[in-house]
Amino acid sequence: MFGLSPDIWRPISLTLELASLTTVILLVVATPIAWWLARSQSWWSEIVASVVALPLVLPPTVLGFYLLVMLGPDGPGGAIASLWGARTLAFSFTGLVIGSVIYSLPFVVQPIRNAFAAMGDRPMEAAATLRASPWRAFWRVAVPLARPGFLTGAILGFAHTVGEFGLVLMIGGNIPGVTKVLSVAIFDFVETSRWPEAHALAAGMVVFSFVVILSMSFVEKRMGRLAS
Amino acid sequence: MRSFAQAMIMALILALTSALPARAGSTHVAVAANFMQTATTIAAAFKAATGHKAVLSFGASGGLFMQITQGAPYEILLSADQDWPRKAVEAGLALGETRFTYAIGALVLWSRDGRATLGDEALRAGDFRKIAIANPASAPYGQAALETLEALKLAAVLAPKIVQGASIAQTFQFAETGNAELAFVALSQVINRTDGGRWLVPQSLYKPLLQDAVLLNTGQANDAAGAFMAFLKSPPARALIQRQGYETGGAR
Amino acid sequence: MSDAAISISLRDQRGAFALDASFEAPGRGVTAIYGPSGSGKTTVLRCIAGLHRAAEGHVAIKGDVWQDGASFRPVHLRPIGYVFQEASLFSHLNVRGNLLFGARAATGEPLLGFDEAVSLLGLAPLLDRAPLTLSGGERQRVAIGRALLSRPRLLLMDEPLSALDRAAREEILPFLEQLHERLSLPVLYVTHDMSEVERLADQIILMEKGRVIGAGPLAQMQSDPALPLMGARDAAVSLEGEVIAFDQSYGLATLEVAGGVFLVPALKAQVGERRRLRILAGDVSLALAAPMGSTIVNILPARVLDARQSGEHQMTAVLGLGEDGEGVHLLARVTRRSWEQLALAPGLAVHAQVKGAALTPRHTGQS
């Protein structure tokens with residue numbers, strides 16, 4: 001690919017694959033959570049919100065360690081893996097996806113939750129008075145109105161997964177083409193003093209982050225214009 | 001009032017300094033991850049013996065070297081091999097004449113269940129999914145593990161099953177949590193444990209894990225640093241080191 | 001419950017506010033729910049819509065029970081149209097999209113077609129516009145159209161004009177008056193503005209502090225001594241009558257009501273038209289004998305039916321039009337001095353001098 005050596009383009013493609021899959025899964029998983037958190041009156045919704053937000057505060061290595069135990073034969077991961085004859089979900093792309101989903105969850109839930117909350121009760125009430133069942137009202141009114149939140153969540157979730165390091169280190173096992181993602185590859189290049197490769201990949205990540213931040217402010221501007 | 005304040009200040013200074021013997025200092029030591037537990041007990045003994053404090057930082061030897069080249073405030077490097085201290089001397093960051101072998105490591109194959117006791121038989125049987133080694137690029141024990149596998153002519157066969165830990169501690173974690181059935185770790189990590197199965201890898205299968213220490217330029221003027229280097233060679237320190245599963249050859 | 005078309009009984013407690021409201025309303029025409037802020041009017045409307053679930057409630061429309069002790073039909077299954085105080089249009093759809101939103105899932109007979117609704121509410125030039133670009137009045141018109149196109153059997157309007165300025169309000173009132181005429185749809189209209197009630201309502205339900213203190217035809221309630229309406233500073237009666245003549249040269253229409261006729265200024269009036277007439281209590285004075293040579297055009301025989309003190313030195317009398325006092329009721333403000341000096345009392349025959357009778361404005365121009 002572009003005449004790059006495998007130990008440069010394989011981490012890149014692996015990372016893009018991981019980030020894309022994680023983002024798609026997160027959009028599906030985060031939406032009902034964000035909806036419930038935005039609308040719930042129960043006192044324990046804040047507890048749930050805090051649990052969801054834990055990955056924001058926990059060091060990735062702590063998260064990684066607990067994941068390692070959970071993904072292994074001692075935890076549910078082992079039970080799931082045995083369905084296809086494996087012992088553990090660690091050291092696999094699947095394990096990385098699970099870890100990334102948990103790790104990036106708050107980054108996707110938060111913007112979507114805020115978008116739903118900003119909408120208020122009125123649009124859903126109006127929709128109900130216009131014969132829309134809660135399901136129809138959700139898809140025809142809430143989701144379109146919360147679109148900037150979805151966009152922000154997707155961008156943040158994607159970018160956050162691309163930048164993941166400590167977590168992957170803990171549960172990945174550094175297997176080329178399977179779990180050796182971009183951040184780990186750069187780390188390895190630095191450890192072994194392979195500066196040109198390290199520079200190339202790191203510079204690429206800087207450019208990528210810049211593009212992410214730009215698109216975020218673009219989305220925010222558009223969100224602001226729609227709201228006024 | 002003024003004399004009262006003066007008296008208080010004097011008392012404060014006295015209180016602070018009386019706890020320490022005269023001229024007590026501290027030194028910052030970078031320690032290879034596999035030597036973590038041992039280094040901690042040595043530091044305690046060092047403090048008791050000399051009153052000097054040794055502040056320890058742990059990591060993979062390669063990573064520590066990287067940090068030293070970038071000006072990390074370490075004064076002594078306790079590496080997991082001989083290469084990194086030598087490179088430090090060559091880079092002009094350390095004093096060549098202070099380099100000596102402080103410990104000789106032993107490689108161990110460990111498993112959470114009992115299978116590792118079968119040693120190379122367990123490896124040949126191949127009845128496992130994952131075997132963990134430390135990243136050979138930055139951890140000498142990982143390099144030693146690879147050498148062992150090559151010597152046993154199993155490197156190619158087992159390559160798909162190898163997973164790498166970023167450090168020797170992480171490598172051990174993989175096996176401890178059961179994610180990898182086998183792991184190549186340092187003897188010092190398991191010497192005080194009774195669980196699991198272990199196989200002391202014959203020295204003939206890998207290049208000796210000579211672990212060298214060197215005084216860095218930053219520690220040259222620090223008495224505490226020099227005292228630590230000396231303490232490492234002393235009989236009490238050696239006894240501690242041996243108790244943790246290392247050999248201590250004579251100083252070079 | 002009787003077989004009145006709209007039968008409501010609600011009991012609820014929210015914090016310090018206790019709602020205990022029961023009333024019936026006819027299945028046609030506009031029933032206003034009127035009261036000061038905080039009297040519970042909006043809560044009642046929301047309970048009828050199902051947006052708020054009253055602790056105890058009975059809601060039945062034309063025999064269809066929407067809520068009782070055992071059941072609660074959710075909002076989207078109630079055939080209502082709801083117009084909020086702030087239009088609350090969907091900002092991600094244009095006007096056409098908003099109008100058609102409720103039409104798709106609606107069941108039952110359509111009230112009116114899309115084009116009819118558009119022309120009734122003057123929305124044709126706005127169809128492709130985005131809601132945020134519309135004025136307050138335009139948005140409310142779209143909101144009304146949207147509600148009508150969802151095939152409601154009951155239209156609920158929650159202070160639809162409160163958030164608009166005078167000009168926008170005047171712009172929409174004619175549309176509401178037309179709705180009233182063109183569609184046989186019962187409307188529950190919440191407001192704290194008496195002028196809206198006077199222009200639109202046939203029936204009024206009076207609320208105060210969460211309770212219904214009176215319910216019935218408008219003119220009757222306006223002159224009911226037991227109710228606070230009569231004592232208000234701008235107390236008035238709204239009479240409905242038929243135009244029996246129109247004098248273009250003097251710009252005067254003759255309006256016939258039960259018990260008498262009024263001559264009222266009008267720009268345009270058609271014989272046979274039904275129009276509303278508003279007469280302020282303060283514009284009615286009394287004379288024991290018919291005065292001669294007065295510039296006051298409307299002097300009608302009437303009988304005093306009742307009277308209440310409405311201020312420290314003021315009385316408000318209820319009059320029945322006609323010699324026998326059997327016609328429509330009027331209110332008259334009289335100073336206490338005059339009341340005592342003329343020995344006015346219930347039963348007495350008098351002449352009512354009505355100074356400023358005004359026809360409620362009619363929308364001219366559009367069909």
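I began with the spacing of the two domains of chain B in this predicted model, and found that the centres of domain 1 and domain 2 of chain B, taken over C-alpha atoms, are separated by 27 Å. I then looked up the bounds, and noted that domain 1 of chain B is made of 20-104 + 209-243, while domain 2 of chain B covers 107-200.

Next I turned to the contacts between these domains, where 13 residues of domain 1 of chain B meet 14 residues of domain 2 of chain B. On the domain 1 side that touches domain 2, I saw that helix H2 (36-50) and helix H3 (61-69) of chain B each supply at least two residues, and that H3(B) gives the largest share, with 3 residues. Sorting that side of domain 1 of chain B by class, I noted 5 nonpolar, 7 polar and 1 charged residues.

I moved on to chains C and A, and recorded that 18 residues of chain C are in contact with 14 residues of chain A. On the side of chain C that touches chain A, strand S6 (residues 80-83) of chain C makes the largest contribution, 3 residues, and the residues of that side divide into 10 nonpolar, 7 polar and 1 charged.

Last, I looked at the largest nonpolar core, which has 235 residues, and to which helix H5 (residues 93-119) of chain A gives the most, with 12 residues. Among the residues with the most contacts inside this core are Ile76(B), Tyr141(B) and Val108(B).

Conventions: Residues numbered from 1 in each chain as written. Chains lettered and ligands numbered in written order. Predicted model: local features only at pLDDT ≥ 70, side-chain atom pairs only at ≥ 80, totals over all residues. Domains from an automatic or database assignment. Contact = placed C-beta atoms within 7 Å. Helix = DSSP H or I, 4+ residues; strand = E, 2+ residues; numbered from the N terminus. Nonpolar A, V, L, I, M, F, W, Y, C, P; charged D, E, K, R; others polar. Core = buried A, V, L, I, M, F, W, Y, C linked by C-beta atoms within 7 Å. Buried ≥ 20, exposed ≤ 12 C-beta atoms within 10 Å, placed from the backbone.
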